[in-house]
Amino acid sequence: MSKSEQVDVDENHIYPSYFNLDVGDPARMVEPVETDETGSSAEQRSDTLPVTLAIGVFVLGLVCGIPATIFGLDFFIDNAVTLFAVLFGLLLIASILTGIIVAFRRPILRTVVKRSEVEMERLAGPLADVAKFAAQQNVEKATNAAKEVGELMLARYAWMATRRWLIATITAFVAAIAALAGSALLFQQNQLLREQGKLLAGQSERLVEQNSLLGQQIELGEAQRSTSIVPEILALGAQIGEETNALLQDGRPAPIYFDQELSHALRGRIIAATAAARPYRYLALNLPRASNEMLTAMSLARRDDVPSAQIAVQKVLDAERQLGAETAQGELIQHPVSPERGQILSLLYNARVMSTEWLTLNGADFSFSEIRNHTFGVISLRHALLRFADFSGVQIHQGDFRAAFLDNARFNRAFIQKTQFSGIPNDQIQLPQTPDPSVEIWHTQMAGTDFRGAVINSSGFMDVNALAANFDFTIIENTDFSNASIVGATFKNAVLGELNFTGTNLASVDFDGAYVLRPDFLRTIQNQAMADTFVEDRFAIELADISDLETHPNAIQITEVFTDITPEAPIWRIKRVGEFR
């Protein structure tokens, strides 16, 4: 082997670990690399730029995401100016840092890598020295030349990497600010849209309130029109007084009159007045009709420094709430009524005209009547049209509602004593009505009639049709329901004494929560009721505590009606354990 070949072999064995160069082929010592205008390779640019952008996006996420996550989007929108200021500050810092590095790059590189030259052409000389000294087998000089090449390459790499990082950082901040500006505008737009939605919702609420007020205006306008007949009602009262005074001259023992004794002209005016007085709703004023318990609670409510008084007030309020929500003060009442028709009935009652059968036969309509008399009774309202009439809170003594039409009438909290709601057998029909051979019983129609919270004592409901009547929270004693049809009626939380359900249709009647005075109450009504209409197994009966009645809405009246109830006397409560079919 020649000397030149031996040198090539030795060089290939000695120097490949430095730069992996083939000194036997000078053309391969410095391979051309595709570079951009700044001298950086495309491969390095593609590797470095995504990393830098990722870092920029990460910083943007920290700056934007943390406040949005912790404090919410509204906080981000409200503090957008501060956020932009932070980003602009970071951009300014990055720009200043770039300027400093560019201005002092040589001292910095000399300190870090001991070389400040970064030009590509500076590598040619040291590379040539490496080849030359390697060919001469001068290891020391070749090593020094290789060291110089490494320092120059390291300096150039450090400078190029730093420059690319600075440029990418500034670019990322500019892009982040631009993107954030668009996002902020979008967020602001969404915020404005949300506020607009809230304003539209408020506007919708105002429109609903406006419609409600317009409805109230219409109702109150109807009320004003109906109340315009009040002078006519007063004139009727004067004429009734004149005619009853004339009748009193006949020497009758008591000033009691009947509608058939009134003149035809007067009866015609009364009938016309009932037709003119139409039902309407008016603004609720609950105080005049407040119960005694409620008045007591209102008196105790001012003593907020007495805990026991406040406990008593709360019990009364809870009890009142159980009877159904009252219409809020100043709102329209829930059901339309006709106070004017009620005034006509009160006028007849106070004038001692104790019958209405001839008026009813000739077309008098007392439906929707609102009775405001504290007491009302004795007067005969047989066959009367009293659908949706309101007798709430009225004390009715010896009233006669037989064969009347009381569908959906209300007797809430009424005190009913010795009053008849029963049907009339056909053979007992009296003038002006005439018996009908095809009708066995003239039933009283009481579908949906509401007796919630009423006290019913010594009264009759024989042969009534009371579909789904409401007897919840009532106190009922010594009352006859024989042969009645009260399908679907409810007696929830009622206090029931001696009742007669002989032949009564009790299908789907609910006694859940009712208090009774005898443990065999369920077995008794099972034996009395119409066959296959009452399911005793649907209910259970258990011993109750007399103190449970303290929260009953009619707690005061219980001891007045049931004088035999004492703290020592046992009382039972019914519980529904089965479902209705």
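The largest nonpolar core of this predicted model has 72 residues, and those with the most contacts inside it are F411, F491 and F511. A nonpolar core is here a set of buried Ala, Val, Leu, Ile, Met, Phe, Trp, Tyr and Cys residues joined through side-chain atoms within 4.5 Å, where buried means under 20% relative accessible area, exposed over 50% and partly exposed in between, with a 1.4 Å probe and protein chains only. Two or more residues of this core come from each of α9 (230-248), α10 (264-276), α13 (339-350), α15 (521-528) and β15 (571-576); helices (H or I, at least four residues) and strands (E, at least two) are DSSP runs, numbered from the N terminus. A second, separate core has eleven residues, among them L549, F562, I565 and I571.

Residues are numbered from 1 along each chain as its sequence is written, and side-chain values use heavy atoms, with hydrogens and water left out. Because the model is predicted, local features need pLDDT of at least 70 and side-chain atom pairs count only at pLDDT 80 or more, whereas totals for chains, interfaces and linings use all residues.

Within the surroundings of F491, and not counting residues up to four places away in sequence, the residues touched include F471, I476, F481, L496, V509 and F511, contact being defined as heavy atoms within 4.5 Å. F471 and F491 also form an aromatic pair that is stacked, with 4.8 Å centre to centre and 5 degrees between the planes. Rings of Phe, Tyr and Trp (its six-membered ring) pair if their centres lie within 6.5 Å, and planes under 30 degrees apart count as stacked, over 60 as edge-to-face and the rest as tilted. F471 lies in the loop between β8 (464-465) and β9 (475-477) and F491 in the loop between β10 (479-480) and β11 (495-496), so this pair ties together parts that are 20 residues apart in sequence. Both F471 and F491 are buried.

The rings of F511 and F534 have their centres 6.0 Å apart and their planes at 80 degrees, so this pair is edge-to-face. Since F511 lies in the loop between β12 (499-500) and β13 (515-516) and F534 in the loop between α15 and β14 (539-544), the pair ties together parts that are 23 residues apart in sequence. Both F511 and F534 are buried.

Turning to the helices, the axes of α9 and α13 come within 11 Å and cross at roughly 10 degrees, axes being lines fitted to C-alpha atoms, for helices over the stretch in contact, with angles running from 0 to 180 degrees between N-to-C directions. α9 and α13 are therefore roughly parallel to each other. On the α9 side the contact is made by V230, I233, L236, G237 and I240, and on the α13 side by E340, Q343, I344, L347 and L348.

Helix α15 holds Q528, which counts as partly exposed at 22% relative accessibility. The C-alpha atoms of Q528 and N500 are separated by 7.7 Å, although the two residues are 28 residues apart along the chain.

The backbone also deserves a look. Most residues other than glycine have a negative phi, and most peptide bonds are trans. A cis peptide bond, with omega about 10 degrees, joins L431 and P432, and P432 lies in the loop between β4 (424-425) and β5 (441-442). N408, which is not a glycine, has a positive phi of about 60 degrees and is found in the loop between β2 (395-397) and β3 (415-417).

How values were computed:
Parallel < 35°, antiparallel > 145°, perpendicular 65-115°, else oblique.
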